[in-house]
Every structure is written in C-alpha cells, then in structure tokens.
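Please have the sequence and the model open while reading.

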Amino acid sequence: QVQLAESGGGLVQPGGSLRLSCVASGNINSGDAMDWFRQAPGNERESVAEILTGGSTRYADSVKDRFTISRDSGKNMIYLHMSNLKPEDTAAYFCHLGGKSGGHYYHYWGQGTQVTVSS
C-alpha cells in the first residue's frame, strides 16, 4: 500500500548539521500526516517532528528550534533538517505516515536511518 524509505543518516560531530530525507510511494491519502520518530537503544520510540496537510508543524521540546521538518509540494517526500546536533540526538530515525480510512487507522514506517553524534 505505502512504502517509506529514509536516507541521510551518518556520523556527525556535536554542533554539526545533517539532513534526513524520506520518500513515500503508494496509496497516499491527502489527509495523511507524516512525521519523524527516533529511538535510541533502551529508550522508547518518540516523535520528534510532525507535518500535517496544509504545512503546519509540531516539534518535540527537545528538538524545537534546532530541527526543521518540511514537505515537498507533491507530498511524496519529507525532510528533517537537524542543526546544532547533540550527543543525546544519537538514535535511529524513522519516517512515519498515519491516517484513517474507512473506519480504521493505519500506520506505515520506514526502515530507519542511524544518526550518531560524537566527536
């Protein structure tokens, strides 16, 4: 139905910047929300940034003013620009798409891309 694929992770020094990309394909509804989650070993998966239809955005307090989520005009790609990275940002980052259709909810996830912040 829907496939998500992330890219752009890697190793970066504290204070550095990185941009993650996610391409979505398949049966995407106009009302679907897309967001970025992250998960470090031993921690629960947490939402870090969300973008809704119309372009409104939401951020976790821990990344606000440092991360920016964006979506292209065709709504088939989203990006996460990360700046002033900190060691605590180290995690696997996942692209997510969610919505509701025909009385049921659905969620799709990408495979994840690793971000490591270290000197």
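Is Cys95 buried or exposed? Cys95 has 0% relative accessibility, so Cys95 counts as buried (under 20% relative accessible area, with exposed over 50% and partly exposed in between; 1.4 Å probe, protein chains only). This is a predicted model, in which local features need pLDDT of at least 70 and side-chain atom pairs count only at pLDDT 80 or more, while totals for chains, interfaces and linings use all residues. Residues are numbered from 1 along each chain as its sequence is written, and side-chain values use heavy atoms, with hydrogens and water left out.

**Disulfide**
- The count is 1 disulfide (a pair of cysteine sulfur atoms within 2.5 Å).
- Cys22 is joined to Cys95, with an S to S distance of 2.1 Å.
- Cys22 lies in strand β3 (residues 18-26) and Cys95 in strand β9 (residues 91-101), 73 residues apart; strands (E, at least two residues) are DSSP runs, numbered from the N terminus.
- The S-S torsion of Cys22 and Cys95 is about -80°, so the disulfide is left-handed.
- Cys22 is also buried, because its relative accessibility is 0%.

- Beyond neighbours within four places in sequence, Leu4 is in contact (heavy atoms within 4.5 Å) with residues including Cys22, Met34, Cys95 and Trp109.

**Positive phi outside glycine**
- Asp65 has phi near 75° and sits in the loop between β6 (57-59) and β7 (67-71).
- Asp65 is exposed, because its relative accessible area is 74%.
- Asn84 has phi near 45° and is in the loop between β8 (77-82) and β9.
- Asn84 is at 42% relative accessibility and therefore counts as partly exposed.

Terms used:
Helices (H or I, at least four residues) and strands (E, at least two) are DSSP runs, numbered from the N terminus.
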